[in-house]
Amino acid sequence: MATRIAAEHDLPACSELRARWRDRFSALISADQGWCPAGTPVPRLETEELVRAHLLGTSEERWAVVSEDHGTVRGYLLCGSDGERRQMSVICQGPRVAEPADLATVGSELLSFALGERARRGLVRAEAFVHGPTVEIGPLAALYRQCGFRTPSSDPRLEMIRPRSLPLAEGRPVSLRTAPEVGLDAFLEADAAVRGCSVNEARENLAFSQRMWIVDPAVDWMVAHEKGDLVGVVETAVTKQGVGVIDHLEVREAYRGRGYGSALLAQALSRFRSRSEFVWLDTDRDCVAARRLYERAGFAVHHEHGTLSAEVLA
Ligand SMILES: CC(C)(COP(=O)(O)OP(=O)(O)OC[C@H]1O[C@@H](n2cnc3c(N)ncnc32)[C@H](O)[C@@H]1OP(=O)(O)O)[C@@H](O)C(=O)NCCC(=O)NCCS
């Protein structure tokens, strides 16, 4: 097997590989779930134009690596260089799913070669963004880790969805009041107390949500109290494409494990009634309580995303 910088004449072979991986993805993910509420198609597959631009190597910033076996191209990596940040980015990678043997051998050859090229170009960092079904992300992340990449503690993130129509018991009674009902300032104070952050940070979080989603404070931002005690917050929204979002759900530490999380989630979900077909959220892969809560409420992992990065390698 030989690995080298790709050239224009590799384009037909790379296009053929790309089409093959796309077909395998389509078989893995049913068509009606092929969306990502964050606005990225799932899986994030490179376009034909992107492959072409990297293979033509028209600029120092875009280049590609191919691996071939007896003259047959088996995989490719599309890379980018950012001289200012002295960073290499892996933009797209193959082989993809359903070829575990190739992933281990061809994949690690491609990555090792690209990392060598990174050093040759004087780049000290490497980064890769992964986005796709769990079946792919697990082995892919393992491969990157083997090559020296590290996963930030909160990555990869699990993106979970659930049909709105799924029934869910309301559970423990809890009194939820919206942001206008308690007043926006009081809402932010409560949000900060639950999250353990400053009111300013809580305000910034909400501003971020407003930029990301369609938010109706009279419906979407709620504070939970029981017998006058602050218990938790739940913040929901709807995407521009009309998908319900559990933007943030948190129960104060002292109240956890007593059914409040389930009750807040049930009430939040009931607010989506006429607004969206699906409800989406993302959560840390390692957050056991949240995963349990969401799985019990009928959420299933749709796909994962995350950034893997490597600092100066030896
Ligand atoms: C996730 C969170 C909201 C759950 O709230 P909660 O009030 O503890 O939830 P509940 O008491 O309703 O429990 C929900 C399920 O999680 C399980 N659970 C709760 N704490 C758990 C823990 N520490 N470990 C494992 N499972 C746990 C419960 O057993 C329950 O499952 P079950 O009904 O099958 O027994 C809460 O832990 C929290 O605020 N965590 C920090 C913020 C966070 O991670 N938010 C979600 C980010 S998207």
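Visitor: How many residues of strand E9 (residues 229-238) are buried?

Guide: In E9, 8 of its 10 residues are buried, making the strand mostly covered. A residue is buried if 20 or more other C-beta atoms, placed from the backbone, lie within 10 Å of its own. Strands are DSSP runs (E, at least two residues), and helices are H or I runs of at least four, numbered from the N terminus. This is a predicted model, where local features need pLDDT of at least 70, side-chain atom pairs count only at pLDDT 80 or more, and totals for chains, interfaces and linings use all residues. Residues are numbered from 1 along each chain as its sequence is written.

Visitor: In which sense do E8 and E9 pair?

Guide: Two strands pair if DSSP finds at least two bridges between them. Here strand E8 (residues 221-226) and E9 are antiparallel, with 6 bridges; the bridge partner of His 225 is Leu 230 in E9. Their hairpin has 2 residues between the strands, and Lys 227 in the turn has a positive phi of about 45°.

Visitor: How many bridges join E9 to E10?

Guide: There are 7, and these strands also run antiparallel. Ala 237 stands opposite Val 245 in E10. In this hairpin, with 5 residues between the strands, Gly 242 has a positive phi near 85°.

Visitor: Now a helix: which residues of H2 (residues 48-56) are buried?

Guide: Val 51, His 54 and Leu 55 are buried in H2. Seen down the helix axis, the buried residues of H2 fall within an arc of 95° (taken from the directions from the axis to the C-beta atoms), so they line one face of the helix. After H2 comes Gly 57, with a positive phi near 55°.

Conventions. Buried ≥ 20, exposed ≤ 12 C-beta atoms within 10 Å, placed from the backbone.
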